[in-house]
Amino acid sequence: MKKLIYLVIIGMMFSCGKSAEEISLAQKVDSLQMEITELKIANDTLSDHVMRKSFVTKNFPAYFDSIAEPEEFILQRLQGKPELITKKAVLGGTMRFTQITFIEEDLLVAEFEDGHIMGKTLFQFREDRNGEITFTRVCNIDY
């Protein structure tokens, strides 16, 4: 009977350790937590750059080579697309785009306001075969 009790106790001691599967899953969780932390830092850095406009570039796409002021050109195109502004005007105002800033060859930040409310939106843009500029909202930038 004593031997049986010793065997049960020894068996319980060896079974208390983590299995290879548990160790693997724990390592995967740690890796994913580290990745989440890195993505949060990258997101915070991008948000900080957007707010400070420290991302400004003058690397315009090649199709702007013949345009003297690409910012004004794109701003005029955006003015014709007020439906791209996600916020609603208040107190009788009218939402309009006021300024754009290029980030990369195909990304820009467009600022808008109605005199009371303002905001920013990150857009991806490209020129189609007909020479039209198409804008795709990436995200709104809230203050």
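Is Asp114 buried or exposed? I should like to begin there, and then turn to the sheet around this residue. Please keep in mind that we are looking at a predicted model.

Asp114 has a relative accessible area of 9%, and because the cut-off for buried is under 20%, Asp114 counts as buried. In the chain, Asp114 sits in the loop that links β2 (107-113) with β3 (118-127). Leaving aside residues up to four places away in sequence, Asp114 touches Ala89, Val90, Gly93, Thr94 and Met95. Two polar pairings involve the side chain of Asp114: that side chain reaches the backbone nitrogen of Val90 at 2.8 Å, and one of its polar atoms lies 2.7 Å from the backbone nitrogen of Ile117. Phe97 is 17 residues from Asp114 in sequence, with 8.9 Å between their C-alpha atoms.

Let us now consider the sheet. Four strands form an open sheet in the order β1-β2-β3-β4, and their pairing is antiparallel. β1 (96-104) and β4 (133-141) stand at the edges with a single partner strand each, so one side of each has no neighbour in the sheet. On average, neighbouring strands are turned by 30 degrees against each other, direction ignored. β3 and β4 are joined by eight bridges, and Glu127 stands opposite Ile133 in β4. Helix α3 (residues 70-79) lies across β1, β2, β3 and β4, and runs at about 130 degrees to β1.

Finally, a word on confidence. The protein chain has an average pLDDT of 78, and 75% of the residues score at least 70. Confidence is highest in β2, at 88, and lowest in helix α1 (residues 2-15), at a mean of 67. Where pLDDT is low, predicted coordinates should not be read in detail.

Conventions:
Residues numbered from 1 in each chain as written. Predicted model: local features only at pLDDT ≥ 70, side-chain atom pairs only at ≥ 80, totals over all residues. Heavy atoms only, no water. Helix = DSSP H or I, 4+ residues; strand = E, 2+ residues; numbered from the N terminus. Buried < 20%, exposed > 50% of the residue type's maximum accessible area, 1.4 Å probe, protein only. Contact = heavy atoms within 4.5 Å. Polar contact = N/O pair within 3.5 Å; in protein donor to acceptor, adjacent residues only side chain to side chain. pLDDT = per-residue confidence, 0-100. Pairing = 2+ DSSP bridges. Axes fitted to C-alpha atoms, helices over the stretch in contact; angles between N-to-C directions.
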